[in-house]
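This report walks through selected local features of one protein model. The sequence and structure come first, and the description follows.

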Amino acid sequence: MTTRARSFDAAAASYAAHRPGYPPALFDAVEELAGRPLAGARVADVGAGTGIATALLHERGAEVVAVEPGDGMAAQLRRAHPAIPVVRGDGDRLPLATGAFDLLTYAQAWHWTDPARSVPEARRVLRPGGALAIWWNDADLTVPWIAEQEERLADFFGAAKGNGFRTLPRGLGGFTSRSVRWSRRIPLEAHLANLASHSAFLMLGEAGTRAYFAAERELLAPLFPDGTVEESYVVSLHVTRV
């Protein structure tokens, strides 16, 4: 898991350029379920990557600090968002003061942690009444072309379909969950670059990735003759207060 997580460092610039962001409705739901506005809240965004979620939390007025273990990802975050403090660490070893934060967020990052370590760490750094927010942004499989693409990806990597590895931690009380649907329109090449920034392709290597995307481009080009793809997503948000 550590090797796969660190694979993003070599592709940090592409990750920042092509990965999707998050819709305003997600942060509205975070505020509602956490029981407080983001404006003025002390927030730690753990596994911050290149700062996609971090920057949006900052824009909502949160006093946010990014926690990121990877050299390349942290460097990209610092370049793009110099006003946001970055500390080096991960969810299993938070370099944060005890009881100092109103909210911990894990955007696409909780599954990289060891809950036996990350749960006690979350409890430690959150103030009484603080909240933990975990979310994943997944392709909307109710859209036929996306479902077909996901089938091809699963077959190519010999992987089980679904996201069963994404489980919520025990020992933190009950989570309240919300689903937020949204979409974005981007060039076909940007869509392919987004897929290529995922860890499975980063671990595969350049030659195998190039061959896969040559075939994928041929399949998708007739579906999007104007060269623009509408990517549809479902964000699964889970919040608990401690």
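## Local features of the model

Q108 counts as buried, because its relative accessibility is 17% and the cut-off for buried is under 20%. The model is a predicted one. Q108 belongs to the loop that runs between β4 (101-107) and α6 (115-125). Its backbone is also worth a look: phi of Q108 is near 60°, a positive value in a residue other than glycine.

**Aromatic rings**

How many aromatic pairs does the count come to? The count comes to 12 aromatic pairs. In one of them, the ring centres of F156 and F157 are 5.0 Å apart and the planes meet at 85°, so this pair is edge-to-face; the class calls for an angle over 60 degrees. F156 also pairs with Y212: here the centres are 4.6 Å apart and the planes stand at 55°, so the pair is tilted.

Ring pairs join F156, F157, F201, Y212 and F213 into a cluster. Y212, in contrast, is buried, with a relative accessible area of 8%.

The table lists relative accessible areas for residues discussed in this report.

| Residue | Relative accessible area | Class |
|---|---|---|
| Q108 | 17% | buried |
| T209 | 12% | buried |
| Y212 | 8% | buried |
| L220 | 1% | buried |

A ring also takes part in a contact of another kind. The charged end of R42 sits over the ring of F101, at 5.1 Å from the ring centre.

T209 is buried, with 12% relative accessible area. A polar atom of the T209 side chain lies 3.2 Å from the backbone oxygen of F201, and F201 is one of the residues in the ring cluster. L220 is buried too, because its relative accessible area of 1% falls under the 20% cut-off. The C-alpha atoms of L220 and W145 are separated by 8.7 Å, although the two residues are 75 residues apart along the chain.

**The cavity**

Rolling a probe the size of a water molecule over the atoms shows where empty space is left. How many cavities of 30 Å³ or more does the structure hold? The structure holds 1 such cavity. About 30 Å³ of space lies in the largest cavity.

The lining of the largest cavity is made up of V30, E31, A34, R36, P37, L38, A41 and L103. By type, these lining residues divide into 6 nonpolar, no polar and 2 charged. Helix α3 (residues 24-34) gives the most to the lining, with 3 residues.

Definitions and conventions
Residues numbered from 1 in each chain as written. Predicted model: local features only at pLDDT ≥ 70, side-chain atom pairs only at ≥ 80, totals over all residues. Heavy atoms only, no water. 1 Å grid on protein atoms, 1.4 Å probe; cavity = no way out; pocket = protein on both sides within 12 Å on 5 of 7 lines; lining within 4 Å. Points joined across faces, edges and corners; volume = space filled by probe spheres on them. Helix = DSSP H or I, 4+ residues; strand = E, 2+ residues; numbered from the N terminus. Nonpolar A, V, L, I, M, F, W, Y, C, P; charged D, E, K, R; others polar. Phe/Tyr/Trp six-rings, centres within 6.5 Å; stacked < 30°, edge-to-face > 60°. Buried < 20%, exposed > 50% of the residue type's maximum accessible area, 1.4 Å probe, protein only. Lys NZ or Arg CZ within 6 Å of the ring centre and 35° of its normal. Polar contact = N/O pair within 3.5 Å; in protein donor to acceptor, adjacent residues only side chain to side chain.
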